[in-house]
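Trainee: Hi! Could you walk me through this model while I have it open?

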Amino acid sequence: MNLRSIVMNPVLDKEFRLRMRSARSAFTVLAYVLVTGLLAMGIIYVLTAGRGTVRVDSETSRMMFYALSIAQLVLIAFMTPALTAGVISGEREKQTLNMLLTTQQSSAAIILSKLTSSLSFMALIIVATIPVYSIVFLYGGVSMGQLASVFLFYLFIMLLLGALGVCFSTLFKRTILAVIMTYGVGLAIFLFTGLAYLFALGIDQANYYGSGAPPRPYSWVGYLLGLNPAGALISIFEPSFSNEVFLVQRSNLQATAPIQLWQQFLLVYSVVIVLMLWIAVRKIRPVRAKRRSKRSDASVTQAVVMHSEADSQEGASTTSGEPEMMKKVEREVGKEQE
Amino acid sequence: MIEIKNLTKMYGHFAALKDVNISIGKGTVFGFVGPNGAGKSTTMSILATLLAPTSGSAKVGGYEVTEYPHEVRKRIGYMPDFFGVYDQFKTTEYLHFYGASYGISRAEREQLIPQLLELVNLSDKQDVYVDSLSRGMKQRLCLARCLVHDPDVLILDEPASGLDPRARIEMREILKELKLMGKTIIISSHILPELAEMVDEIGVIEHGRMVAQGKVADIQNRLRVKRVLHIRLLDRSEELAQRLRDELHVSQVLCDETGVHVHFGGGDAEQSALLASIFAAGFQVISFHEAQSNLEDVFLEITKGGGAHEFA
């Protein structure tokens, strides 16, 4: 068994081949890079407009990087559900899923291969935008480490939205429903968590200053923004951002946030990713093998061997003896299990 | 090889299958017959581990489908009634994908796939994109896919649906070859004459219930399907038709340019007596023969009146 056959299972191999043979894939990469490039030019224009000369210092460059990264995050939020929410329901609609499900490929292999393929394509798109980021590097202010962190964060976001998409694609028969559900949950993660933070922040501030309560090390409201991708991304750019979000009291001995926003984000959504993929693996096949003891399995194997022997003895056309044979086999299995 | 006992599938309050019992021996070709929505595809989906039954048992090769689906999948080749193909694959790539999905090594596949393509008469299409194949070719390719892991059991749901007569004949020839290879085949079809030639047994299902199962001839005997006698005369056909309408055991008489067609309910002795009486009456007979009753007659007889006839 060579390395390729270990890494590439047949479903993943098929997905890669079919995706890269489609002209739509090439157009998708082209369109995405074009949109990112236009956004980058727009950001440069906004940041330099009104100045007499087009002069970019490291501070402006960093701002450009932040703006571009947030814009890319939004683009990923739009693209990933479109790429992943049809992977299972699409096969169902094309009437190829049933044939795939009767092969020896495990449910996990099918789900993970579909997800890996979609995310690999998404990663290809993101990598294709690196030249756009090079504009930022011309002026400094951003380290390679920061860029790598942001790209790793993008991978995690894609994994999150991809897991949601694959899960809904498995649960809903129609792709359109799966896409709507994935965008809906994505919207809740991207928008509602931010709005909930702002709302909770207002209430918390009013209560705190109105009640004259004793000083506290930090406020719980920060946990809400820790569920928001933009909040987590900014906390990667600026580590002090988490302190501000958690309203850390500088006068207090514990002058840091209880957890960095991006750390909370990774922890919480890792659980969500695992849960979504587990549901998808459980639900893709309506019939799943029941867990049995090894002894019970051995007895069934023995019974099946007897069944096959009986079959071959009876010949092709005789079927009348089979029910009796099977009853005998079942009785033996029952005895073994007892 | 296939053992189904008291199989029931409910969708809410609607019973798609009600206590279905089927027993199919190794090497048997079993024709599954029934009107649309009778429960054929539901039964086949359960056997293919694609649907969980509400109650009852279904076993393939001794393995219960709900408990050992992995083992069952190794032993079956399933062809659904409606299926799609991966259009951007070439014919050989398509079979390589499914072969690999069944854990067959590339070296084995390299040997196997040309043989499979030859079996289904697609050897000249091996480098063609699946997209460009005709419907009949796609059906045959799908059949080759079913065979890629050499399963003992083939579950073929309407394999000839939507095919033109020529493609249907080609499909029938391939199935005959598979029968000779000793495969156990469960096949459903709306086109009953095409089944009649190749099946060893039939099962008739209606409204989710099995209404008959066994060899076609046995069922015909049990049903006492009426004989149709074809009589050709030199002349006076109309007169004979008029006369036969009053005969005992005759339920219907039709007369056209090909002769007189008599629906006859009597046995061999009564049939012989009828012929003697025709001679005695001075009619000049050119031919007198019994039309072969076929699977269509059996099916129509069983399913008339909403499955009134039930057989053990």
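Mentor: A residue is buried if 20 or more other C-beta atoms lie within 10 Å of its own, exposed if 12 or fewer, and partly exposed in between, with C-beta atoms placed from the backbone. By that count, buried residues make up 46% of the 312 residues in chain B. Keep in mind that this is a predicted model: local features need pLDDT of at least 70, side-chain atom pairs count only at pLDDT 80 or more, and totals for chains, interfaces and linings use all residues. Residues are numbered from 1 along each chain as its sequence is written, while chains are lettered from A and ligands numbered from 1 in the order in which they are written.

Trainee: And what share of chain A is buried?

Mentor: In chain A, 35% of the 338 residues are buried.

Trainee: How many helices and strands does chain A have?

Mentor: Chain A has 16 helices and zero strands. Chain B has eleven helices and 14 strands. Both kinds of element are DSSP runs numbered from the N terminus: H or I of at least four residues for helices, E of at least two for strands.

Trainee: What about contacts between residues at least 24 apart, what percentage in chain A?

Mentor: Two residues are in contact if their C-beta atoms, placed from the backbone, lie within 7 Å. Among contacts in chain A between residues at least 6 apart in sequence, 80% join residues at least 24 apart. For chain B, the corresponding figure is 67%.

Trainee: Switching to cores. How many residues are in the largest nonpolar one?

Mentor: The largest nonpolar core has 136 residues. Such a core is a set of buried Ala, Val, Leu, Ile, Met, Phe, Trp, Tyr and Cys residues joined through C-beta atoms within 7 Å. Residues with the most contacts inside the largest one include A163(A), I2(B), L47(B) and I155(B). Its largest share, 13 residues, comes from helix α9 (residues 144-171) of chain A. Apart from it lies another core, of eleven residues, among them L229(B), L233(B), V253(B) and L274(B).

Trainee: Which residues is L47(B) in contact with?

Mentor: Leaving aside neighbours within four places in sequence, L47(B) is in contact with I2(B), A58(B), V60(B), V65(B), I76(B) and I155(B).

Trainee: You mentioned α9 of chain A. At what angle do the axes of α9(A) and α10(A) cross?

Mentor: They cross at roughly 145°, and the axes of α9(A) and helix α10 (residues 175-211) of chain A come within 8 Å. Axes are lines fitted to C-alpha atoms, for helices over the stretch in contact, and angles run from 0 to 180 degrees between N-to-C directions. The crossing of α9(A) and α10(A) is right-handed; a crossing is left-handed if the near helix is turned anticlockwise from the far one by less than a right angle, and right-handed if clockwise. On the α9(A) side the contact includes L161(A), L164(A) and F168(A), and on the α10(A) side M181(A) and V185(A) are among the residues involved. By class, this contact has six nonpolar, four polar and no charged residues. Here Ala, Val, Leu, Ile, Met, Phe, Trp, Tyr, Cys and Pro count as nonpolar, Asp, Glu, Lys and Arg as charged, and the others, Gly among them, as polar.

Trainee: And how do α3(A) and α7(A) pack?

Mentor: Helix α3 (residues 23-48) and helix α7 (residues 107-128) of chain A pack at about 40°, with their axes 9 Å apart. α3(A) and α7(A) are therefore oblique to each other. Angles under 35 degrees count as roughly parallel, over 145 as roughly antiparallel, 65 to 115 as roughly perpendicular and the rest as oblique. The crossing of α3(A) and α7(A) is right-handed.

Trainee: How far apart are L274(B) and H249(B) in space?

Mentor: They are 9.7 Å apart, C-alpha to C-alpha, and 25 residues apart in sequence. L274(B) lies in helix α10 (residues 268-280) of chain B, and L274(B) counts as buried because it has 20 C-beta neighbours inside 10 Å.
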